[in-house]
Number of protein chains: 2
Amino acid sequence: MGGGALAAPQPGDGASGQRTMPPSWRTPGGEFSNYGQPSPDGPIRWVSTEPGAPGTGVAWTPLHELEGTLVPNGLHFERHHAGIPALDSQAWHLVVEGRVTRPSTLDLATLLRMPRHSRQAFIECAGNSSALWRPEPVQAPVGWLHGLVSCSEWTGVSLRQVLDRVGVAASARWLIAEGLDAAGMTVSLPLDSLPAHSMIALYQNGEPLRAAHGFPARLMLPGLEGVVQVKWLGRLTLSDRPAMSRFDTVAYTDLQADGVSHRFTRTLGVKSLITSPFVGQRLPCGAQELSGLAWSGAGAITRVDITVDGGRRWWPARLDGAARDRAFTRFRATWPRGVASEPAVIASRAVDSAGRVQPRRREMLRRRGGDPRYHYNAVTALSVSADGGVAHGYLDE
Amino acid sequence: MGGGALAAPQPGDGASGQRTMPPSWRTPGGEFSNYGQPSPDGPIRWVSTEPGAPGTGVAWTPLHELEGTLVPNGLHFERHHAGIPALDSQAWHLVVEGRVTRPSTLDLATLLRMPRHSRQAFIECAGNSSALWRPEPVQAPVGWLHGLVSCSEWTGVSLRQVLDRVGVAASARWLIAEGLDAAGMTVSLPLDSLPAHSMIALYQNGEPLRAAHGFPARLMLPGLEGVVQVKWLGRLTLSDRPAMSRFDTVAYTDLQADGVSHRFTRTLGVKSLITSPFVGQRLPCGAQELSGLAWSGAGAITRVDITVDGGRRWWPARLDGAARDRAFTRFRATWPRGVASEPAVIASRAVDSAGRVQPRRREMLRRRGGDPRYHYNAVTALSVSADGGVAHGYLDE
């Protein structure tokens, strides 16, 4: 071994004649595994649960430690309302009933025999970024503030095809989806608002759904808020009215400044975040590569603008890769920060293919006011001190 | 809890008035984790190592159990020649030397400050599918015959930018890359043949490279054979000649039928495989959804044709998603197999954007003959018996 390596330095190639052999060339390395694991010091999720309810809470995706446009399944955010059920795929079945011609019970083998398609799509919890409703900016890295969003490649059976199979009655107006978790997850969706490419997902990033992500089957409705992406899907009911479950009413509604509460606000806004740099870093002098993520519930990201002076001037970031509908877009920009730097306030602002522009925070506060909890998508800013310290800030203060 | 669920069945919706509560609604489910794990009975890799050398061998990706176009990092195939080195990212550095203006040592912090880009790309071991050189078809699922190929989203620093930074001398013709593993991995690449978008990869599918995949840095040269995607990259030498390492000469060369041995045959062919159904399955009666993967080292997949009669008639499969250069394309086709089925021989044949057509096996054998070990990319076939049994077969026998 190593015979080839000894041949590597060529005469006259400038390599030192006497090469030092790397220590790692002297000892065979570690063994194979059936299922590989990340580095022990690699990124992990921050888990936050309710007291006494270890399965109720959230696990945040460490967006500030990740790159590209996909999130590994083990780091995909999780939001569970009553833990992760352990379902038996042999016993599992999906009931489709209500205002249908042929009420049906579909087992997994039946679903697996139907045509499938694959699609990259993000999921974002409606409660993501909710710390930013607070008057003072919380000092935490972007993943611990905004990490209830992730993007995967999903594969499954067209929801439309399943509905066609059972025959939706003309009087049906709503689709009510139930999960098999102990939260009794139940959400209602207007039938005429189901996104294109909606599916009953069976695979995530290539492998069968994991228990934590809805095994054996979940809804994947591209662009809609996370709660409707029902995990551990057990029942679809076609109805002439919504279920008005607690997930339709008490939670996931938006009280506006004018006192009106908006319900069934399922389609997510256009949003972007700078993931690098992040809060707590100290930047070295000189040019800095900025990077971040943008997404929209209504289409593709067509443009992301960057400011480093608190929003006075903006310039377009580079979008890395082709525009993808309802999936993460990675943006990048070079910030020609000088050696003798002044304090700066940096932020990103996204525009989507529906023409929607990510709002500024004060604009969102003016409109929402009331008791805001959900659907925060305002521009997020970072302040960078003269010595390179990075802190969370609000653009409009 | 469950209050919402009780509201779900609406009068007149056809749901039974007395609903049975799913058992999983009665007990809170499992807890969160910092890094999620797959199902214990989910797909795993088959590991094959050399006697007495547990780090030398391969781990096969279970392609027949996966879907979509990406492979999770834990299931990405591995081929190690002397195990997985445990490198310290603080001590790690990349030496760039030889025929360059500014010989350099780049540490990880320096690389992380350079502009990055992301790109989906497959890696295939040149030895993939080598069991198909045997005269009799081996009866094993596609992952255990062809699973030395996987596709990921990679993020890293442009190789071109690193070379520009050190200043490549006009006399340099070859890039020699060395890994830090105990195999003394050393490969030589003509400088003028480096693919577009070549990078020093730092992230795979969103997270930092794992040890098994080259942490902290590896080459990612889209479309070239796996051995040149040097993991645990330690040194780049610019030279006027190749290293002629054992990985350039003894291995990864192609002896042709005419006695000539082709060296540096790095660019991979156009290839496709049916992943569903797979060997060992027994198909039920009626229509069957076929699915598979196609890729090319020279561009995007533009077409995949399907046959079910042993190659007499072919029809085009559906390509799922946009064409992607040097990445997996998922193809799908509905096989209108009758209830009273006859024996069938099914196969796929891919065409790429460079106009290359996946060859038939006899054509490849005629050309290669000699001592074939590498670069098998011929059409792969399955025979399906009248009772639905699926076996591996050769199209041309």
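**A walk through a two-chain model**

Let's start with one pair of residues: in strand 19 of chain B, B:Trp315 is the bridge partner of B:Ile306. Keep in mind as you look around that this is a predicted model. Strand 19 pairs with strand 18 (residues 301-307) of chain B in the antiparallel sense, and the pairing runs over 2 bridges. What holds such strands side by side? Strands of a sheet pair through backbone hydrogen bonds, and they can do that in a parallel or an antiparallel way.

Next, let's see how the two chains meet. Chain A puts 101 residues into the contact, and chain B puts in 105 residues. Together they bury about 8000 Å² between them, with carbon and sulfur atoms giving 52% of that area. Which element of chain A gives the most residues to the side touching chain B? That's strand 2 (residues 53-60) of chain A, with 6 residues. Sort the side of chain A that touches chain B by class, and you get 41 nonpolar, 35 polar and 25 charged residues.

Side chains of opposite charge can pair when their charged atoms come close. Across the interface of chain A and chain B there are 2 salt bridges. One of them joins A:Glu67 to B:Arg116, with the closest N and O atoms 2.9 Å apart. A:Glu67 also forms a salt bridge inside chain A, with A:Arg330, where the closest N and O atoms are 3.6 Å apart. A:Arg330 sits in strand 21 (residues 329-335) of chain A, while A:Glu67 sits in the loop between strand 2 and strand 3 (78-80) of chain A, so this pair ties together parts that lie 263 residues apart in sequence. Over all chains, the structure holds 46 salt bridges.

How are the two chains arranged? Turn chain A by 180°, with a shift of 0.0 Å along the axis, and it can be laid on chain B with an RMSD of 0.0 Å. That is the relation of a two-fold axis.

Most residues other than glycine have a negative phi, and most peptide bonds are trans. In chain A, though, the peptide bond from A:Ser276 to A:Pro277 is cis, with omega near 5°. You'll find A:Pro277 in the loop between strand 16 (270-276) and strand 17 (288-296) of chain A. Chain B has a cis peptide bond as well, between B:Ser276 and B:Pro277, with omega about 5°. B:Pro277 lies in the loop between strand 16 (270-276) and strand 17 (288-296) of chain B. Then there's B:Ser129, which isn't a glycine but has a positive phi of about 65°. Look for B:Ser129 in the loop between strand 6 (116-124) and helix 3 (142-146) of chain B.

Note on methods. Residues numbered from 1 in each chain as written. Chains lettered and ligands numbered in written order. Predicted model: local features only at pLDDT ≥ 70, side-chain atom pairs only at ≥ 80, totals over all residues. Heavy atoms only, no water. Contact = heavy atoms within 4.5 Å. Buried area = accessible area lost by both parts, 1.4 Å probe. Salt bridge = Lys/Arg side-chain N within 4 Å of Asp/Glu carboxyl O. Helix = DSSP H or I, 4+ residues; strand = E, 2+ residues; numbered from the N terminus. Nonpolar A, V, L, I, M, F, W, Y, C, P; charged D, E, K, R; others polar. Least-squares fit on C-alpha atoms with pLDDT ≥ 70 in both. Pairing = 2+ DSSP bridges.
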